[in-house]
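Please keep the sequence and structure in view while reading.

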Amino acid sequence: MSTISFAKAINMALHQAMETDPTVICYGLGADDPKGIFGTTLGLPGAFGPERVFDMPTSENAMTGIGIGAALNGLRPVMTHQRLDFALLSMDQLVNNASKWRFMFGGKRGVPLTVRMIIGRGWGQGPTHSQNLQSMFAQVPGLKVVMPSTAEDAKGLLLASIFDNDPVIFLEHRWLHNLKTNALNDDKTIRLGEARTLREGDAATIVSMSYMTIEALHAVDFLKNHGVKCDLIDLRTVRPIDWDSIEKSVKKTGKLLVLDTASLTGSLSGEIVAKVTKDCWTDLQAPPERLAMPDFPEATSPALTENYHVRAEHIVARVSEMVKLEIDTTPLAKSRTHPHDVPGDWFSGPF
Amino acid sequence: MSIDTQLELLRRIKRIRHVEEEIARRYPEGKMRCPTHLSIGQEGVAAAVGLALSKDDLAVSGHRAHAHYLGKGGSLQAMLAEIYGKATGCCSGKGGSMHLIDEDVGFMGSTAIVAGTVPVGVGLAYGIKLKKHKQVSCVFHGDAVVEAGVFFESVNFAVLKNLPVLFVCENNLYSVYSPLSVRQPPGRSIADMVKGLGISSQSSDGNDASSVYQITLDAIGKIRAGQGPQFLEFSTYRWREHCGPFYDNDIGYRTEEEFNDWKAKDPLTRLRSTLEENGALNSSLENKIDKEIHLEVEAAFQFAEDSDFPEASEAYTDLYAPAITDGASA
Ligand SMILES: Cc1ncc(C[n+]2csc(CCOP(=O)(O)OP(=O)(O)O)c2C)c(N)n1
C-alpha cells in the first residue's frame with residue numbers, strides 16, 4: 001500500500017484546489033523557493049505560474065489585509081506562515097477585518113481567506129518559534145480554526161478550508177509534516193467542525209488535537225494492551241468544536257481527559273471541560289482532567305524542554321489514575337529511541 | 001584612519017569569522033540544538049560598527065546577531081554557552097542563538113521575529129533623549145526589515161522626535177531564499193526610499209570595513225551632535241545557508257557566479273591586503289593575531305561544552321519579576 005506524508009497531503013490539496021478553481025491563489029514567504037515551505041508548496045509555481053503562486057515581502061500585516069481584499073473581490077487566497085509566531089504581526093487584519101467583515105456589513109460579503117500557520121517545536125525553536133495559540137484565534141467570533149493530525153485529514157480539511165466562504169486559520173504542527181498515512185481517499189473534503197473518533201472504548205474519553213493526537217494514539221494503544229479501552233476523539237477543528245461527538249462519548253464513558261498542545265490557562269481544554277461539566281454533569285464519574293503545556297514560554301535549551309511537553313507516558317499515567325489501575329509506563333517511554341527534542345531520527349535540525 | 005585602528009578592525013573581523021567557522025564546523029555534532037544563523041562573509045559591518053560605537057552605546061539586533069553581539073563587546077563564552085543551551089549562557093539557556101543579550105556592554109537584546117527590535121531600538125533612544133545622555137542606540141537589521149510596516153512607523157517616530165538612533169541595514173540581497181527581486185521593485189535603493197521619511201540616509205560598500213568604520217563614525221558624530229537619526233545601508237553577502245552551517249548554492253536560489261563574485265570581495269581578505277601593502281601586517285604579526293584568537297575561541301568552546309545544563313526546574317522561572325507568582329494550576 002502506498003503511503004503519503006502529511007506535508008505531501010497538504011501539497012496535493014493545494015494542487016487540487018488550484019486545479020479545480022482558478023480563483024485560488026497561494027502566497028507566503030518562501031512559497032516558491034527551492035524548499036517550498038517544508039515541501040508543501042513544491043511544484044505549484046511551475047503548474048500555476050507566478051501570478052497565482054508567489055513569494056511576498058516580509059510584510060505579514062499588509063499581506064493579510066491584501067489577502068482579505070483579494071478575497072472580497074472573488075479570489076480564494078491561501079496565505080502561509082512558516083511559523084505561527086510570524087502571523088502575530090497580522091492580528092489586526094485577522095481580528096478587526098477578516099473575522100468581522102460578514103457580520104459588520106450585515107452579511108453583504110464574507111472573507112474566504114485561508115491562513116496556514118506552522119507550529120514549531122524542538123531543536124531549540126524556543127520562545128518565539130513554537131507557540132501554540134489556537135485558543136487565541138478560536139476566541140475570535142468569525143474565525144474558524146482547523147488543526148489536523150493525520151495526512152488524510154490534512155488534505156480533506158485544507159480543501160474544505162479553501163472552499164469555505166469564511167476566514168479559516170489552518171494550523172499545521174511541524175512534527176506532523178513527515179508522518180505518513182496509508183492511503184488517501186482522493187477527492188474527499190472533510191466538513192469543518194466534525195471530529196473523528198480514532199479509537200473506541202468505554203473506559204474514558206480522550207479528546208485531542210493536532211500533534212497531541214499522535215502521542216494519544218501511542219497511549220491509547222498501550223492502554224488497550226492493559227485492558228483499558230478508551231475513546232480517542234481527534235477534534236480536527238477547534239472552532240467550531242464538534243460537541244456532539246464529545247458529549248456522546250462522555251455519556252458512554254463518564255470520564256474525560258482533554259489533551260491540548262497549548263499552555264493550560266485560557267486554553268481550549270478549559271472550554272471543553274467547562275462545557276462538558278455543565279452538559280454532562282450527571283454522567284461524569286470523575287472530575288474531568290486535562291493535560292496541556294505549562295504556563296511558560298518554551299525555552300530553547302534541550303535541558304529545559306525534556307519534561308515540558310505532554311507525551312504518551314503522561315497520558316497513560318493520567319488515564320490510569322482516572323480508572324484507578326496501576327500501569328507501569330516505563331516500557332512506553334523506553335520504546336522511544338530518538339532524543340526528546342526531535343520528532344524522529346530523520347530530524348537533525350535546524351527547522 | 002590609523003594603522004592601529006585598522007589592525008584592530010582586522011583582529012575583530014578575524015575573531016568573528018573564526019567563531020562562526022568553528023560553530024559551522026561543530027554544528028553537525030548535534031550539540032548546538034537551536035536554529036543558528038551565521039554571518040560568515042558579512043562580518044565587516046558588525047566589526048566596524050561595533051568598533052565605532054562605544055561601550056556605553058546601546059544596540060539591538062535580530063536573528064543573525066552573533067556578529068553584532070561580539071562586535072558590541074558581548075561575552076564570547078556566554079554566547080557559545082547560550083547556543084549550547086547551558087546555564088552559563090547569556091540568557092541562561094532560555095534564548096539560544098536567536099536571542100542574545102549582554103546589557104553590561106549595551107547589547108540590549110536580539111530577537112527572532114523580523115523587525116521586532118526596530119521599535120525597541122527607537123524606544124531605547126527615547127530613553128536616552130529624556131535622560132539627556134550622550135549615547136546612541138544602534139538598530140542592526142537586514143534588508144527584509146524595510147518591508148515591515150513597523151520599520152516605517154519606527155523611523156517616522158525617530159525622525160519626529162529627533163532621536164539618537166543609528167539604523168544599520170546589512171543588505172545581503174536575500175531574505176532566506178528570496179532575492180530582493182521578489183520583494184521589492186527593480187532599481188530601488190533602500191537608502192533612497194528610507195530617505196523619503198526625512199531621515200539622513202546613505203548606502204555604501206559593506207565589505208570595505210575601513211570605510212564602514214569611517215562612515216559609521218561620522219554618522220555617530222552627527223547623532224551625538226543632535227542632528228537626529230541616521231540610516232546606513234551596507235551592501236554585503238552571506239556565504240553560507242540562511243540558517244545552519246552548510247553551503248547551499250546547489251539548491252538553486254542563487255548562482256555560483258554571484259557567490260564567487262562576492263567571495264572575491266571578502267571583507268577580511270580586502271582589509272588584510274591593504275594592511276600588507278602598507279607594510280603594517282606581516283606573517284608573524286598575523287600568526288600572532290590568529291593564534292590569540294584561536295586560543296580564545298578554543299577556550300570559549302571548552303567553557304560552553306564544560307558548562308552544566310540548567311536544572312530542569314529553571315524552565316519554570318523568570319516569567320515575572322520575583323515578587324509576583326503565577327496563579328495558574330491544573
Ligand atoms: C515576522 C517574521 N516573518 C518571517 C520570519 C522568518 N524569517 C527569519 S529570518 C528571515 C529573513 C530576514 O532577512 P533579512 O532581514 O534580510 O536578514 P538576513 O537573514 O538576510 O540577515 C525571515 C523571513 C521571521 N523570523 N519573522
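## The chain B sheet

In chain B, six strands build an open sheet with the order 2-1-3-4-8-7. The pairing is parallel. Strands here are DSSP runs of E, at least two residues long, numbered from the N terminus. Two strands pair if DSSP finds at least two bridges between them. Strand 2 (107-110) and strand 7 (200-205) of chain B each have a single partner strand, so one side of each is left without a neighbour in the sheet. Neighbouring strands of this sheet are turned by 15 degrees against each other on average, direction ignored. Axes are lines fitted to C-alpha atoms.

Strand 1 (residues 58-61) and strand 3 (residues 137-142) of chain B run parallel and are joined by three bridges. Val60(B) stands opposite Val139(B) of strand 3.

## The chain A sheet

Chain A holds an open sheet of five strands, ordered 9-11-10-13-14, with mixed pairing. The twist averages 25 degrees from one strand to the next.

Five bridges link strand 10 (residues 204-208) and strand 11 (residues 230-234) of chain A in the parallel sense. Ile206(A) has Leu232(A), in strand 11, as its bridge partner.

## Basis

This is a predicted model: local features need pLDDT of at least 70, side-chain atom pairs count only at pLDDT 80 or more, and totals for chains, interfaces and linings use all residues. Residues are numbered from 1 along each chain as its sequence is written, chains are lettered from A and ligands numbered from 1 in the order in which they are written, and side-chain values use heavy atoms, leaving out hydrogens and water.

Technical notes: Helix = DSSP H or I, 4+ residues; strand = E, 2+ residues; numbered from the N terminus. Axes fitted to C-alpha atoms, helices over the stretch in contact; angles between N-to-C directions.
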